[in-house]
Every structure is written in structure tokens, then in C-alpha cells.
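Colleague: Could you walk me through one part of this model in detail? I have the coordinates open and would like to follow along.

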Amino acid sequence: MKVGVLGLQGAVREHVRALGRLGVETRVVKTVSAFDSLDGLILPGGESTTMSLLAQGGLLEELRRLSAAGFPMFGTCAGMILLANEIAGRKEPILGGIDIAVARNASGRQVDSFETVLEVEGIGSDVPAVFIRAPYVTRVGPSVRVLARHQGVAVMARQGKMLVASFHPELTEDLRIHRYFVGMI
Amino acid sequence: MVEKGTYRVKSGLAEMLKGGVIMDVTTAEQARIAEDAGAVAVMALERVPADIRAQGGVARMADPSKVREIQKAVSIPVMAKARIGHFVEAQVLQALEVDYIDESEVLTPADPEFHINKWTFTVPFVCGARDLGEACRRIAEGAAMIRTKGEPGTGNVVEAVRHMRRVNQQIRAVLDAPEEELMSIGKELGAPHSILLAIRDAGRLPVVNFAAGGIATPADAAMMMQLGCDGIFVGSGVFKSSDPAGRARAIVQATTHFEDADLIARVSENLGEAMAGIEIATIPEHEKMQTRGR
């Protein structure tokens with residue numbers, strides 16, 4: 001199995017490290033040609049506006065084609081924004097693929113960033129989670145399964161082979177969420 | 001249980017900026033140009049380093065109304081500079097809810113000896129360093145991100161290269177040394193032993209290290225990335241050039257695709273005039289910004 005990590009910008013090496021610790025082969029993906037023979041893709045945290053600008057052209061089209069085809073993808077924070085079907089203040093999704101609506105940075109500025117422990121369905125009740133200028137899920141479609149909530153709001157969800165989290169499992173030493181995604185592939 | 005302002009939350013934001021470009025801006029309009037070009041964050045300030053250098057006088061934290069205006073204009077993180085040691089400027093910037101504070105040698109130092117105790121803040125700090133000892137001292141004071149100092153406002157990348165190479169050479173020495181030599185290495189570098197242990201643990205600096213000071217072209221940015229930095233600060237290089245939007249886009253592209261010389265060639269075409277540069281040797285010693293702080 002080989003899992004790609006979108007490498008335009010952001011927490012790329014943390015995801016590569018987490019997958020490596022699980023014994024999964026990884027490849028950093030910056031161009032269309034790097035998609036060959038991948039089984040899944042992680043869209044890391046970073047700045048979603050920057051990533052969408054950098055992806056413009058062939059890369060964006062390829063990512064849209066894959067997400068529409070149900071290719072296994074895991075988006076964390078900015079990656080969740082890329083995969084959301086609706087983004088507050090934008091007419092179009094960036095890639096789309098999971099039927100949720102998100103508001104960017106709606107959890108506040110950096111002074112409001114925080115860490116906590118979550119109960120995640122199918123994983124455990126003690127999963128560490130780091131939220132950094134996190135996006136906020138404002139709507140969850142009927143075919144989306146919410147796997148974790150924080151103060152009542154969905155922070156991790158799944159639809160088919162598409163997984164999203166508004167926090168950063170890659171910033172902790174806990175590998176359970178990465179293992180869960182690898183198990184989905 | 002919800003914990004704010006932890007070191008993981010502070011250094012975590014810097015991790016999210018990796019591979020990106022942070023641009024100095026002095027107006028809301030410039031901030032929008034930077035965001036539209038793909039900047040991962042902007043640095044709000046009163047004057048860019050080249051103007052501070054040219055105009056002289058005491059350079060201070062930006063007017064809070066300027067910071068607010070820039071925060072309103074963009075959705076990417078907004079950073080702002082405080083003077084070295086000026087903990088009240090930092091308190092004010094925290095009250096304004098900036099996303100990162102740069103305790104910066106570009107402004108006139110407020111304390112001749114000491115830096116801010118950054119552990120007492122919820123907002124994270126980035127600090128400049130010319131060598132590993134300086135980087136480790138800043139980290140021990142609570143900085144969650146490091147950048148090279150370079151020589152700001154010169155459009156001359158040579159000092160940033162010097163500082164990045166030096167830090168990387170010194171990290172290699174720390175990683176290669178037998179355990180019993182570490183205390184003496186720390187003493188020579190002026191680096192706290194605990195931070196050297198953290199470097200050995202991580203195999204690298206325990207926080208993100210960006211390049212700053214004198215970066216003016218896409219090739220400058222890509223060279224700093226190939227030298228092993230995690231991302232780029234561009235100060236005067238964008239808005240002191242003849243085509244800020246075009247140059248900003250090109251520097252962002254070159255930072256992401258820093259190993260793709262064909263792409264760097266393409267984005268470097270027809271960018272117009274880069275900022276006028278300054279030869280470092282012509283700057284009198286007392287006008288150098290990199291020697292501020294210790």
C-alpha cells in the first residue's frame with residue numbers, strides 16, 4: 001500500500017512520519033505525475049487559500065476527479081476545508097467530496113487555539129486533539145457519519161472513503177486516527 | 001478540558017505555515033495582494049525594513065488601528081512585530097489577538113540586554129537568530145518559531161545564507177557529538193543544554209526555522225529552501241519591487257516547487273525590477289540590524 005501526502009504546503013512531514021511509523025509507504029505529492037499507483041491521499045493542515053492557489057490548473061482537476069471517484073482521502077484542518085462541499089463565503093467548493101458545510105477560522109484567532117481530548121467513535125474516548133485556528137462545521141449532510149464532536153459541534157466525520165477532521169492528529173504521538181484511515185483504504 | 005496557549009498549540013501554527021511565504025505588509029490593500037498571491041500569513045507593520053533603514057529614527061510596534069485594518073482585510077494569520085525586550089508592546093499585540101508576535105531586530109530594541117519572557121504569553125512568538133546558540137536561547141525563552149536574521153531591508157540574501165548555513169552546520173555538530181561532549185558544546189554556543197537534548201531527540205531544531213532578511217527574488221527563496229529552511233519571510237522584497245503582485249506570486253510558486261528549476265525559470269520571467277539592493281560591506285557596523293539582541 002502506498003499513501004500520498006499532498007505536499008504543496010503545511011504539516012506534510014508530520015503526516016509522512018505518522019504513516020511511516022505505521023509501516024505505510026508514503027509519497028509527497030506536488031504534481032499530477034506523482035499520483036501514479038497511490039492507494040490513498042492525505043490533505044494536510046496548512047493554509048487552504050494558499051493550497052488552492054498553488055493547486056490551480058492540472059493538480060486541482062486531478063484532485064477533483066479523484067474525490068468525485070471516491071478515492072480514499074483524509075483531510076485535516078485545511079484539508080477538511082478543501083474536501084467540504086460548502087465553504088462559507090465561497091460560491092464553489094475547492095475540491096468537494098464530503099457533504100458538510102464549513103466556516104474558515106470560525107473558532108477564532110490563534111489565542112483561541114487549544115488542545116483537548118476527544119471521544120472518537122470506533123477509536124476511543126481518550127484521543128488527543130490539537131485545534132489550530134480550526135474550521136467550524138456548520139452543517140452535516142444525511143449521508144455523513146459524525147465520528148467525534150467537541151462542545152456539540154462535529155469535529156471528525158466520514159462519508160464513504162472520505163475522512164475529515166478539523167483538528168491535527170499529526171501533531172500528536174497518537175497513531176490511532178492514521179491507523180483508522182489506513183484501515184479504510 | 002480545554003488548554004489554550006500550550007507550546008504544542010504555539011509551535012503547531014508554525015508547522016502549518018511550513019513551505020509557505022510570509023509577507024511584510026503596511027496596508028490592508030497590500031495584505032489582500034499578499035493573500036491573493038498565496039502568502040500563508042502577513043506581517044503587519046508601519047514601514048517595511050528598507051524604509052526603516054532609509055529613514056532612520058526609532059522604529060516601534062505598528063499603530064493598533066493599522067493592525068486591526070489588516071486583520072479585517074484577510075483570513076490568513078496576521079503577525080506583528082514588537083521591539084526586542086518590549087513586553088508591553090507584546091501585551092498590546094496579544095490584546096489585539098495577532099496570531100504571532102515577531103520579537104524583531106528590525107525595530108529599535110527597547111531593552112539592551114534582555115529579550116521578552118515569552119512563556120508568560122498565550123500568543124506564540126517568532127525570533128531571529130544568526131547561529132544555533134541564539135536560536136536555542138530564544139527557544140528557551142519560549143519562542144515557538146525561529147527565523148534567520150539575515151540583514152533586513154537590503155534585498156541582499158548573503159547574510160540569510162550565512163545564518164542558515166551556520167545554524168545547520170552547528171546542528172550537524174550537535175547531532176554527531178558523543179553525549180559527553182554536549183555540555184561543552186552548549187557552553188561554547190551559549191545554548192541551554194536542555195534545548196540541545198531536544199535537538200538530538202528530534203534530529204533537527206525542535207521548532208520550525210524560516211529564512212528571513214534580504215530575500216528579493218524567486219531564486220533567492222528557492223535557494224533558502226534548498227539550504228533546508230522550512231519557509232520564507234519576505235520583507236521589503238515584494239512591495240519595494242516594480243510588480244508586487246507578480247513577484248509575490250512568483251516567490252510563492254518558487255518556494256513550493258523549490259527543486260524545479262524549469263518552473264523557477266518560468267515564474268522569474270518578466271517580473272520587472274527587483275528592489276534595489278545594498279552591498280553589506282557598505283553598511284556601517286552600528287547600522288546593522290542583525291547584531292541587535294543577544
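Colleague: Let's look closely at strand β6 (residues 98-103) of chain A: how many bridges join strand β6 to β9(A), and do the two run parallel or antiparallel?

Modeller: Happy to. First, some ground rules: this is a predicted model, in which local features need pLDDT of at least 70 and side-chain atom pairs count only at pLDDT 80 or more, while totals for chains, interfaces and linings use all residues. Residues are numbered from 1 along each chain as its sequence is written, chains are lettered from A and ligands numbered from 1 in the order in which they are written, and side-chain values use heavy atoms, with hydrogens and water left out.

Now your strand. β6(A) is joined to β9(A) by four bridges, and the two run antiparallel. Helices (H or I, at least four residues) and strands (E, at least two) are DSSP runs, numbered from the N terminus, and two strands pair if DSSP finds at least two bridges between them. Within this pairing, Val102(A) stands opposite Val137(A) in β9(A). The strands belong to an open sheet of three, ordered β5-β6-β9 in chain A, with mixed pairing. Its edges are β5 (84-87) and β9 (136-140) of chain A, each of which pairs on one side only. From one strand to the next the twist averages 35°; axes here are lines fitted to C-alpha atoms, for helices over the stretch in contact, and angles run from 0 to 180 degrees between N-to-C directions.

Back in chain A, another strand pairs with chain B. Strand β7 (residues 114-120) of chain A and β1(B) pair in the antiparallel sense over three bridges, with Phe114(A) opposite Lys4(B).

As for the interface itself, 41 residues of chain B are in contact (heavy atoms within 4.5 Å) with 34 residues of chain A. The area buried between the chains is about 3100 Å², of which carbon and sulfur atoms give 53%; buried area is the accessible area (1.4 Å probe) that two parts lose on being put together, summed over both. Seven salt bridges are found across this interface, a salt bridge being a side-chain nitrogen of Lys or Arg within 4 Å of a carboxyl oxygen of Asp or Glu. In one salt bridge, the side chains of Arg133(A) and Asp99(B) meet at 3.1 Å, N to O. On the side of chain B that touches chain A, β1 (2-4), α1 (7-17), α2 (28-37) and α12 (244-256) each supply at least two residues. The largest share, eight residues, comes from α1(B).

Over all chains, the salt-bridge count comes to 33. Asp51(B) and Lys240(B) meet in a salt bridge at 2.9 Å, N to O. That pair links distant parts of the chain, 189 residues apart: Asp51(B) lies in helix α3 (residues 49-55), and Lys240(B) in the loop between α11 (236-239) and α12 of chain B.
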